[in-house]
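Trainee: I'd like to learn how to read the features of a model like this one. Could you walk me through it?

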Amino acid sequence: MNSCQDITELELTELSSLLKQMGGEPFTASQIYQWIYKRGVTDFTQMTDLPLALRTKMAESCTVQTPKIVRTDNSRDGTVKFLLSHTDNQCVETVFIPDTPRMTFCVSTQVGCAMHCAFCLTGKMGLIRNCSTGEIVSQVRILAYKLKLLNTAFNVVFMGMGEPLHNYDRTIKAIRILTDKRGLAVPARRITLSTVGVPEALERLATEPVMPNLAISLHATTEELRDRLVPVNHNYGLSEILASCKRLPYTRRRRITFEYVLLKNINDSVDDAERLSQLVTGIQAK
């Protein structure tokens, strides 16, 4: 067993197994989840409905890693941007967007990004490293606690720093933790994953038991222009990405959102609009 296990990395079943190894009862995992995610308590000694011996043992061998808030920037419309520092002093940005019409948390999945999109400042940083599952989930936990929204419905969008499908396993595990009813209990329908489109990852996503909403960053209607704006298109072309979208098991009430940044005299012509309409034909699109 790890000498200092970070609980934020664990799904409920994993936490149950850990507690069993420590001589505790597996059902106690639900109580710990509620303390951390529903009440914002990260000190095991304050989890008063746990046996004292278990609290002591967990305080000695476990931790709840919580990024530090380095800075907040407030906009006149109520939007708040948080700069969070992890244990290695690498930082990510997380944004609170109010009244959308639900409160929305925009979270990051990587420090930097490897996609190098021409219009994106994060892309110019390059990829420094992936965020861990716990670092992804903790962004939501911190905002919910600081903004007093732990027991309020809100949306989560993976539209911050990084390409979520480039950090697939940790991102999907984070989604499973976020949706767990014993924790933050964010419904999958309130979670949106934004991606430039990685076909093999989209195929994997189609088989996941917890399926978030999907937003595809398209930004161009021809392969040539998308190669320039979204360089990863050299590896995954429009036709391949759209074919993967058509195979996703979306129901009648759900749609794939196609995101499109309008760039003057680059991708904003009437011909672009007509091609865009043709490209998404046959897809349940928004």
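**Reading the sheet**

Mentor: Let's begin with a pair of strands: β4 (residues 80-85) and β5 (residues 91-97) pair in the antiparallel sense, over six bridges. Strands here are DSSP runs of E with at least two residues, helices are runs of H or I with at least four residues, and both are numbered from the N terminus. Two strands pair if DSSP finds at least two bridges between them. This is a predicted model, where local features need pLDDT of at least 70 and side-chain atom pairs count only at pLDDT 80 or more, while totals for chains, interfaces and linings use all residues. Residues are numbered from 1 along each chain as its sequence is written, and side-chain values use heavy atoms, leaving out hydrogens and water.

Trainee: Which residue is the bridge partner of Phe82 in β5?

Mentor: Strands of a sheet pair through backbone hydrogen bonds, either parallel or antiparallel. Here, Phe82 has Thr94 as its bridge partner. The hairpin of β4 and β5 has five residues between the strands, and Asn89 takes a positive phi near 70 degrees in it.

Trainee: In which sense do β5 and β6 pair?

Mentor: They are antiparallel, over three bridges, with β6 spanning residues 103-106. Ile97 stands opposite Thr104 in β6. In the hairpin of β5 and β6, Asp99 has a positive phi near 50 degrees.

Trainee: What is the strand order of the open sheet?

Mentor: Eight strands run in the order β3-β4-β5-β6-β9-β10-β11-β12, with mixed pairing. β3 (68-74) and β12 (257-259) stand at the edges with a single partner strand each, so one side of each has no neighbour in the sheet. A parallel example is β10 (residues 191-195) with β11 (residues 213-217), over four bridges; there, Ser194 has Ala215 as its bridge partner.

Trainee: Is Tyr168 buried or exposed?

Mentor: Tyr168, in helix α6 (residues 168-179), is buried, with a relative accessible area of 7%. Buried means under 20% relative accessible area, exposed over 50%, and partly exposed in between (1.4 Å probe, protein chains only). Not counting residues up to four places away in sequence, Tyr168 touches Ala201, Arg204, Leu205 and Glu208, where contact means heavy atoms within 4.5 Å.
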